[in-house]
Amino acid sequence: TLQYFAKKAIEKNPGVSSDPVWKIIWYDSALKAELSPALPLSRYFDDIGIVAAKSGWDETARAVFFKCGFYGGKKLNALKGKAYADVGSDFPDQNSFALYNGGTFTAEEHADAKQKMTEQFNSIIVDGKGQLEEGDKWVLPLEPGKGGRIYSEFSAFGTSLVSGSAGTCYQDLLKFTRTFAHVNGEYTVILDILADDKPHKYEWRLNKAGQWTKSSENKYVVSQGAGALNIQFLLPANVTGSIIKSGNAQQGLSASSDIVDKAQFFAVLVPGEIYVLVKDIRYFDNISCFGAVVEKEDFADTVMFQRVGDEIRTDTFRGWGDFFLVTAQKSTGQWKRLTGISARSAVLNNIRQFHSSQPVNFGIIRDENGIEVVLGIGTRRGDFSRPDTIDVQNRTEYNRADKSAPTRQYEIS
């Protein structure tokens, strides 16, 4: 695999990357330059707070990146004590993201990001100001109790979900949580929750140089070459959007709330080649939950966020957890993929599909080969306990007390 990527690097930048790459791996003519089929599609880098996920390893793959962590990383902050520590290469970009599609970035840092301003990254601006330390040439770790952190992350079967908290990274803000979900390796859903004890103007930023247009109310599209990204805001209903310009060049999108103490931004970001397959994107809201339905020709994805208590209810679904994603066939209602975060139970069409004695993160996929399940236990860094039993479709698939119970389907971390 390393040989494969080294070869690709040389082909793309001959004379630039070839010498250092080949010196590292010492070229072996007997070693095939090919991808391993076992390569993972996601990785969480805990120390610096970065999640990277992709739809595949070929050159047409889509990839996403999310960052929320302490300047310099957890280890540096824990070891330095009161000593001086310079992390000059870090940036005020907590709860930021980047999107990559088919060889180009469709959401990226601004070309002048070396100025180290939060507005140059894909995050939130408050009253025109970014995060602490912005504009400084040498970024320093923040005082104890301040900084971004990822508090939940999970990936399974092409879907990756991560939640970050960055409220303490601002001068005047009590809460800023961002939940970032890359769904089935196709598109991205972002939910931002902002709150303070006084009103602010909150501004959602996305940087991408290209041709920007407002396609309809709360809908924007940016295109550059053959690539395109479609952005639809479901919240707030009265979002104020404007195209960011530098001279005559269009550089990105700014979407603002009214001046309020609490605000939510809820957006669906869809690459152009997926958007042509989408029939409808719509928002729903009830007493227990809110979310989005992304509908295609044969299948529909339902993304659900908990509102009150710990139960989520719709006409066809009942679950106990923070978040659920259901991909189901439209004609029959038969589900294909089911994902839950901090979840104990999921009931679809009055049939219990999943139950755990303790909250877990889980992903289930069902196809002609049967059912496969991936579990994440402890992904809140200590908040979860290992469950005693896990049932999938009313069959006990994992029993902590019974060592002979079938667990080969699971990754239990």
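Gly 73 is buried, with a relative accessibility of 0%, where buried denotes under 20% relative accessible area, exposed over 50% and partly exposed the range in between (1.4 Å probe, protein chains only). The model is a predicted one, in which local features need pLDDT of at least 70, side-chain atom pairs count only at pLDDT 80 or more, and totals for chains, interfaces and linings use all residues. Residues are numbered from 1 along each chain as its sequence is written, and side-chain values use heavy atoms, with hydrogens and water left out. Gly 73 is placed in the loop between S3 and helix H3 (74-80); helices (H or I, at least four residues) and strands (E, at least two) are DSSP runs numbered from the N terminus. The C-alpha atom of Gly 73 is separated by 5.1 Å from that of Asp 47, although the two residues are 26 residues apart along the chain. Ile 124, in strand S6 (residues 124-126), is likewise buried at 0% relative accessibility. Ile 124 and Gln 94 are 30 residues apart in sequence, and their C-alpha atoms are 9.1 Å apart in space.

Rolling a probe the size of a water molecule over the atoms shows where empty space is left. On a 1 Å grid over the protein atoms alone, a cavity is a set of points where a 1.4 Å probe fits but cannot get out, whereas a pocket is an open set with protein on both sides within 12 Å along at least five of seven lines; lining residues have an atom within 4 Å of a point. Grid points are joined across faces, edges and corners, and a volume is the space filled by probe spheres set on the points.

The largest pocket holds about 570 Å³ of space. Its lining comprises 18 residues, of which Phe 5, Lys 12, Asp 58, Glu 59 and Tyr 100 are the closest to the pocket centre. Helix H1 (2-12) and strand S3 (62-67) are the elements that give two or more residues to this lining, and H1 provides the largest share, 6 residues. By class, the lining of the largest pocket has 7 nonpolar, 4 polar and 7 charged residues; Ala, Val, Leu, Ile, Met, Phe, Trp, Tyr, Cys and Pro count as nonpolar, Asp, Glu, Lys and Arg as charged, and the others, Gly among them, as polar.

The number of cavities of 30 Å³ or more is 4. The largest cavity has a volume of about 80 Å³, and of its 14 lining residues the closest to the centre are Arg 62, Leu 99, Tyr 100, Thr 106 and Pro 271. At least two residues of this lining come from each of S3, strand S4 (96-101), strand S10 (187-207) and strand S15 (249-271). The lining of the largest cavity has 8 nonpolar, 4 polar and 2 charged residues. The second largest cavity, of about 50 Å³, has a lining that includes Thr 104, Lys 208, Gln 224 and Leu 229. Strand S5 (104-107), strand S12 (219-224) and strand S13 (227-235) each contribute at least two residues to the lining of the second largest cavity, which has 4 nonpolar, 5 polar and 1 charged residues.

The structure contains 18 aromatic pairs. Rings of Phe, Tyr and Trp (its six-membered ring) pair if their centres lie within 6.5 Å, and planes under 30 degrees apart count as stacked, over 60 as edge-to-face and the rest as tilted. The pair of Phe 354 and Phe 362 is stacked, because the ring centres are 3.8 Å apart and the planes lie at 15 degrees; both Phe 354 and Phe 362 are buried. Phe 66, Phe 97, Phe 180, Trp 204, Tyr 220 and Phe 233 are linked by ring pairs into a cluster. A charge sits over a ring if NZ of Lys or CZ of Arg is within 6 Å of the ring centre and within 35 degrees of the ring normal. Lys 116 lies over the face of Phe 91 at 5.4 Å from the ring centre, and the charged end of Lys 336 sits over the ring of Phe 299, 5.3 Å from its centre.

The count of disulfides, defined as pairs of cysteine sulfur atoms within 2.5 Å, is 0. The cysteine sulfur closest to that of Cys 68 belongs to Cys 169 and is 6.3 Å away, too far for a bond. Cys 68 is buried, with a relative accessible area of 1%, and Cys 169 is buried with a relative accessible area of 1%.

Backbone geometry was also considered. Most residues other than glycine have a negative phi, and most peptide bonds are trans. The peptide bond from Leu 235 to Pro 236 is cis, with omega near -10 degrees, and Pro 236 is placed in the loop between S13 and strand S14 (240-246). Asp 127, not a glycine, has a positive phi of about 55 degrees; Asp 127 lies in the loop between S6 and strand S7 (149-156) and is partly exposed at 41% relative accessibility. Phe 157 also has a positive phi, near 55 degrees, and is found in the loop between S7 and strand S8 (159-165).
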